[in-house]
Amino acid sequence: MKPNSGTLVINIMNGGKAEAYEGVYQCTARNERGAAISNNIVIRPSRSPLWTKEKLEPNQVREGDSLVLHCRPPVGLPPPIIFWMDNAFQRLPQSERVSQGLNGDLYFSNVQPEDTREDYICYARFNHTQTIQQKQPISVKVFSMDSLNDTIAANLSDTDIYGAKPVTERQPVLLTPTGSTSTKVELRGNVLLLECIAAGLPTPVIRWIKEGGELPANRTFFENFKKTLKIIDVSEADSGNYKCIARNILGSAHHVISVTVKAAPYWITAPRNLVLSPGEDGTLICRANGNPKPNISWLANGVPIAIAPEDPSRKVDGDTIIFSHVQERSSAVYQCNASNEYGYLLANAFVNVLAEPPRILTSANKLYQVISDSPALLDCAYFGSPKPEIEWFKGVKGSILRGNEYIFHDNGTLEIPVAQKDSTGTYTCVARNELGKIQNEVQLEVKDPTMIIKQPEYKVVQRYGQVSFECIIKHDSTLLPTVIWLKDNDELPDDERFLVGKDNLTIMNVTDRDDGTYTCIVNTTLDSVSASAVLTVVARPNPPFDLELTGQLERSVELSWIPGDENNSPITNFVIEYEDGLHEPGVWHYQTEVPGTQTTVQLKLSPYVNYSFRVIAVNEIGRSQPSEPSEQYLTKSANPDENPSNVQGIGSEPDNLVITWESLKGFQSNGPGLQYKVSWRQKDVDDEWTSVIVANVSKYIVSGTPTFVPYEIKVQALNDLGYAPEPSEVIGHSGEDLPMVAPGNVQVHVVNSTLAKVHWDPVPLKTVRGHLQGYKVYYWKVQSLSRRSRRHVEKKILTFRGNKTFGMLPGLEPYSSYKLNVRVVNGKGEGPASPDKVFKTPEGVPSSPSFLKITNPTLDSLTLEWGSPTHPNGVLTSYILKFQPINNTHELGPLVEIRIPANESSLILKNLNYSTRYKFYFNAQTSVGSGSQITEEAVTIMDEAGILRPAVGAGKGYSETLFATSPVMHTVRPTFYKVQPLYPRIRNVTTAAAETYANISWEYEGPDHANFYVEYGVAGSKEDWKKEIVNGSRSFFVLKGLTPGTAYKVRVGAEGLSGFRSSEDVFETGPAMASRQVDIATQGWFIGLMCAVALLILILLIVCFIRRNKGGKYPVKEKEDAHADPEIQPMKEDDGTFGEYSDAEDHKPLKKGSRTPSDRTVKKEDSDDSLVDYGEGVNGQFNEDGSFIGQYSGKKEKEPAEGNESSEAPSPVNAMNSFV
């Protein structure tokens, strides 16, 4: 035995015989707790005996008979492996006819003459002793029927009649097994081998079936040419009857093998070790099955339990031992033995009665790190008896862990199936039993998973290109990842073309070897992720090779080739080219092409061509290099097969005929000495053919012909071997000359203002002197009748093909004077012109006005400006303006029409509704009618924020109101009518911009229920358009939040109409203002201030009045006294003294209705005592826009302006008087 081991070593290398150690061995291991025993171990020495001496007679057998050569090897241990060989140590061939049986015999279903030989040798190989034993050679001689008959005939007289029967076919007969039935017993789990070998001629075919069932799938195999049925891992279910059927054309034979599957004992429940505490109960269970059913026996410490020391806590109940209230002396090792006739099972199980307090074997404060969303297993390996109870806590003062989010394993391990970031922390394991308690803490850290957020993608790259695979990762900040790239699950090639970056792999100058799968692997200490992508390197195909010409005929040959490598891109087709080494050496021509799956083609050939062929492969990447040329093949000469094509006869001069044709190509000549026979004769004249043979040219000129006469022409090819087939005739003409006369009787009928019809008489065909191609009408505009200015004359030409005598002149300008003439045309050119014919077009309706602009929107007015029509087409009589309001639901209100004189170009529309959209229709008129209209839309503004009123007196040159809507329009809701546009269109986009917003309006023509949107952005900027959705189907929108003083671009679109938008418009917001202007006259603080000022002035007037009544002088009076003029000073009527200003005089300049002159001065004779002397003039009074004056005097008693006086407000004093 080995030291410190239970291993027994038997060594016979240094002497001794193996037979001395033959026997059954068993190992027993024993200590104070009990004894365990091993299974029986049987030792037997191997044997390889020699064959017994025997005398082997030669086997003489008739052709077609069956034969069995017996091997009968010596019995060895283990059994030998049998095989048949000849003297040259070559295995004998086996087939359905000749095969080796499971017992080693060699079976011949029927013998043939070639089976005759003298060295059929059976060999037995003993693997364990590494020896091979050889049987004596066996001789077989097969007699054929022919040779047997010759032998018999030689030994008989001529009078004897005898002959062996010829080889006869026989139905199958089973050589093994014999009889109709047999039995077979196999053990469960082994391999079942069933064999059937049959004799017969022809050689029978074997088939296997299972009666009443199917052969087991995936476990059934056929060997030895289906003569052996092999079923692996058999079970009781494989028992049954198996039939082998041998069949040939004459019949069949069968044999039934009844298979019974027995079983050595196998475990159902093997006994398990018990660790019990004193006073506990337990059981040992030993359950096994087999066929036949095994017997169960128990041993204690290797001794049958019946004779083992008694234990009151133990009770044996068949395959179970029951322990009750065990004590420490109950510790022992028990053996369970299950056996039947086919084997036995032995298992040891100890019963250990211990009393131990808990112990935790896991090290304290062990750190566990896991990836988020993965399981976390926290170990708490423990030991104790009785078995401790395990509890887990989280945190220092955490409660006991329970619930479905945790799994508690029997070995104490706590499993968190899906750990999350909040699972991080300290976990405490507590183990307790009756003898004590112990705890241990472990730490758990949950990390973010490593992810490949940008994986490498499948790439196709051309050879010598560059490719890059991305591998962008995201990982926990506390983990250090490493990135590895693999190619085909192996390291990257050591090549500087492979550049590994932080997030990518780049391959430069890609070659075919780089084709494969590239994998990015990211490893951390806790996890690993990978992603793969395939790189396919494609290129133009390699050129085909090994071209071969076969089947050479005079007019055809077969070409075959071997395709080159397609370089990962399938070949779509092959292009075949040829070279004519005789006529055009070095020049390759296209012959044909075939699909990429075809590698042969039948080619049509022409005579007298020295052919070479080459093949080009084509795939999606491109064309391969041409293959090497094939061998040359020269075809024989022959007469030309065809004549020149495209034969024509056209004269270049009035007295010649030029005959042309397309020459034959070199390979079309079919032989040497190519020439042409040119023949011609005048048509419809009884003339003979005139012929001439010319060299290999393509033109011949016949001179001295009449002008424009038809000729019959033919051109025939010929070479040294003869003529081509008779050519077909073509008709040609000799040369043309210019027409001689002009068309006559030219008449013009004016159809309408833009169309006229012209007539003429045809010219005689004889005067045409050529092919009549038609007539040309030259016409031009002399002048416009509405605009007397002349301009450059641009002649227009209309050609009317054939022999037409009339034509229409479209596209004329109305109200204009035209001239025209007509000429006849042939192949040579134009004839003389007819005399000029003058005609005039009547007036027509004008074109639309050149533009219509709507500007200066206010609360109640819009200004319209327009341009006159580009083409008035007559005398303009007036303009027609129509307009109507549009409500929020795209409905149109009543239509208002205004007629405007033709000499006007602008109009101010007043008294419109505020914040209302209007649609305008504008067109011009002549005496014929109205022209096409131009439409626009505009919106009056919502308030006057950011818009300055015009200065007083502005627009004085246009003082009368051109148009005013009825006051009823402000109070009565109009009737609206729905408009149905004919086709979708958004046009006339207009903008009215303020400081921080803009009112966008447009005109829409199209289907109802369109959903609009407005797109805008800073003009000239490359930023994306901003988009605002318009609620409902309104045709206006207010853009808010704009930047003051900025140019914007805007366009309008309709949802659901793909790509349908209006054209862009550009507008600019107003400059930023310090504050929004308001009418301070309506503010309460300003009214209070004015009241206080008026009260002060009133008090001042009262004080002045009192002072004057007391004799005091007004300061103005003092000035007059200082510069008195006796001649002009007034006198009182009663005392003749110079009087002071009276009350009436003082108030004279304050009379109601007085006005300051238009030149903004105060006349001295009216009043020198005005506030002009004390202020800054009229322009400095109160506020700059006159709001105070307008509030307190102008609005109450406003009078119309007279003469050249302005409609200014009264003076401040007057204002105060009115206020008081």
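This is a predicted model: local features need pLDDT of at least 70, side-chain atom pairs count only at pLDDT 80 or more; totals for chains, interfaces and linings use all residues.
1. Residues are numbered from 1 along each chain as its sequence is written, and side-chain values use heavy atoms, with hydrogens and water left out.

2. How many aromatic pairs does a search of the whole structure find? It finds 23. (Rings of Phe, Tyr and Trp, the last by its six-membered ring, pair if their centres lie within 6.5 Å; planes under 30 degrees apart are stacked, over 60 edge-to-face, and the rest tilted.) Take Trp 661 and Tyr 676: their ring centres are 5.7 Å apart and their planes meet at 55°, so this pair is tilted. Trp 661 belongs to strand 58 (residues 656–662) and Tyr 676 to strand 59 (residues 675–682), so the pair ties together parts 15 residues apart in sequence. (Strands, E and at least two residues, and helices, H or I and at least four, are DSSP runs numbered from the N terminus.)

3. Here's another pair to click on. Trp 866 and Phe 922 are also tilted, at 4.7 Å centre to centre with 45° between the planes. Trp 866 sits in strand 73 (residues 862–869) and Phe 922 in strand 78 (residues 917–926), so this pair links distant parts of the chain, 56 residues apart. Both Trp 866 and Phe 922 are buried.

4. Phe 83, Phe 89 and Tyr 123 are joined by ring pairs into a cluster. Elsewhere, charged side chains sit over rings: Lys 459 lies over the face of Phe 469, 5.4 Å from the ring centre, and Arg 823 lies over the face of Tyr 778, at 4.2 Å from the ring centre. (To count, NZ of Lys or CZ of Arg must be within 6 Å of the ring centre and within 35 degrees of the ring normal.)

5. Back to strand 58, the one with Trp 661. Why can we call strand 58 largely enclosed by the rest of the structure? Because 5 of its 7 residues are buried. Now for its partners. Strand 57 (residues 645–650) pairs with strand 58 in the antiparallel sense over 4 bridges. (Two strands pair if DSSP finds at least two bridges between them.) Ser 645 has Glu 662 of strand 58 as its bridge partner, and strands 57 and 58 form a hairpin with 5 residues between them. Strand 58 also pairs with strand 61 (residues 699–703), again antiparallel, over 5 bridges. There, Val 658 stands opposite Ile 701 of strand 61.

6. Zooming out, the protein has 7 helices and 87 strands. Of its 1220 residues, 38% are buried. Among contacts with a separation of 6 or more, 64% are between residues 24 or more positions apart. (A contact means heavy atoms within 4.5 Å.) The accessible surface comes to about 69700 Å², and 51% of that belongs to carbon and sulfur atoms. (The areas come from the Shrake-Rupley method with a 1.4 Å probe; for residues, only the protein chains shown count as cover.)

7. Two prolines deserve a look. The peptide bond from Thr 176 to Pro 177 is cis, with omega near -10°, and Pro 177 is in the loop between strand 13 (170–176) and strand 14 (181–187). The bond from Ser 385 to Pro 386 is cis too, with omega near 5°; Pro 386 is in the loop between strand 34 (382–385) and strand 35 (389–394).

8. Next, some backbone angles. Asn 509 has phi near 50°, a positive value in a residue other than glycine. Asn 509 is in the loop between strand 47 (504–507) and strand 48 (516–523) and is partly exposed, at 42% relative accessible area. Ser 915 likewise has a positive phi, near 50°. Ser 915 lies in the loop between strand 77 (906–909) and strand 78, and counts as partly exposed at 32% relative accessibility.

9. Last one: is Gln 112 buried or exposed? Gln 112 is buried, with a relative accessible area of 19%. Gln 112 is in the loop between strand 9 (106–108) and strand 10 (117–126). Leaving aside neighbours within four places in sequence, Gln 112 is in contact with Glu 63, Arg 97, Val 142 and Leu 201.

Technical notes:
Buried means under 20% relative accessible area, exposed over 50%, partly exposed in between (1.4 Å probe, protein chains only).
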